[in-house]
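Work through the exercises below with the sequence and the model in view. Each task is followed by a solution in steps.

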Amino acid sequence: MGLIQFAKDVGRKLRLGDDEPQQPAGGAGHPSTQQVQDLHDRRRAAALVKVVEQMGFKVQDFSVRVDGDKAVVKGKAASQEEREKVALLVGNHEGIGSVDDQMTVGGGAVGASYQGQGQFYTVVKGDTLSKIAKQHYGDANAYNRIFEANRPLLKDADEIYPGQVLRIPAQTEAPTRA
């Protein structure tokens, strides 16, 4: 799927834990600013892997590498829908401005021609799932289709926020429950 853009200043906050002491940068015996940043990026990557696992996604050989505000995700997802949801889950965290999706589906990479591939939509102020459904499907009552397509990322249809990126399933994609 490639590079997906996110609003890096919004989203869920990552819990990094306090298992590693924070050390000042520079000086003899102290890590450099780059070493501190690298450590922080590794901790954020580990936290993102944990979040994906806690949400119940089982991507084979799943890994995340964080470099500043960019996350690179790799692994083999069971379906295109799962692939999209994992990329969105990673990207909808504060501090992540883009996700380079290098995951595959089943036996190989799936390109943009994949029929079941949804599209992504960035929520703006004043949006509701009904309004988004009306825009994409011509029917405000189809909001539940978008809600279900973003489970377990969304817990409540009324809890979306500006800057959040949602998965809009293709018209032909059958609704599923995660």
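A residue counts as buried when its relative accessible area is under 20%, and as exposed when that area is over 50%. The model used here is predicted.

**Exercise 1.** Find how many helices and strands the protein has, and in what order they run.

Solution.
- Step 1: The secondary structure comes to four helices and seven strands.
- Step 2: Read from the N terminus, the order is β-α-β-β-α-β-β-β-α-α-β.
- Step 3: As for cover, 42% of the 178 residues count as buried.

**Exercise 2.** Describe the pairing and the surroundings of strand 4 (residues 98-101).

Solution.
- Step 1: Strand 1 (residues 2-5) pairs with strand 4 in the antiparallel sense, over four bridges. Leu 3 has Asp 100 as its bridge partner in strand 4.
- Step 2: Strand 3 (residues 70-77) runs parallel to strand 4 and is joined to strand 4 by four bridges. Here Val 73 has Asp 101 as its bridge partner.
- Step 3: Strand 3, helix 2 (residues 80-91) and strand 4 form a β-α-β unit, which is right-handed.
- Step 4: Check both faces of strand 4. Ser 98 and Asp 100 lie on one side, Val 99 and Asp 101 on the other, and all are buried.

**Exercise 3.** Decide whether Arg 83 is buried or exposed, and name the residue whose side chain meets that of Arg 83 in a salt bridge.

Solution.
- Step 1: The relative accessible area of Arg 83 is 2%. The cut-off for buried is under 20%, so Arg 83 is buried.
- Step 2: The salt bridge joins Arg 83 to Asp 101, at 2.9 Å from N to O. The pair links distant parts of the chain, as Arg 83 is in helix 2 and Asp 101 in strand 4, 18 residues apart.
- Step 3: Asp 101 has 3% relative accessibility and therefore also counts as buried.

**Exercise 4.** Examine the salt bridges that Asp 41 forms with Arg 44 and Glu 84 with Arg 167.

Solution.
- Step 1: Side chains of opposite charge can pair when their charged atoms come close.
- Step 2: In the pair of Asp 41 and Arg 44, the closest N and O atoms are 3.1 Å apart. Because these residues are three apart in helix 1 (residues 33-54), about one helical turn separates them. Asp 41 is buried at 4% relative accessibility, and Arg 44 is buried at 9%.
- Step 3: For Glu 84 and Arg 167, the closest N and O atoms are 2.4 Å apart. This pair links distant parts of the chain: Glu 84 is in helix 2 and Arg 167 in strand 7 (residues 165-168), 83 residues apart. Both residues are buried.
- Step 4: The whole structure holds eight salt bridges, including these two.

Methods. Residues numbered from 1 in each chain as written. Predicted model: local features only at pLDDT ≥ 70, side-chain atom pairs only at ≥ 80, totals over all residues. Heavy atoms only, no water. Buried < 20%, exposed > 50% of the residue type's maximum accessible area, 1.4 Å probe, protein only. Helix = DSSP H or I, 4+ residues; strand = E, 2+ residues; numbered from the N terminus. Pairing = 2+ DSSP bridges. Right-handed = clockwise from strand over helix to strand, strands pointing away. Salt bridge = Lys/Arg side-chain N within 4 Å of Asp/Glu carboxyl O.
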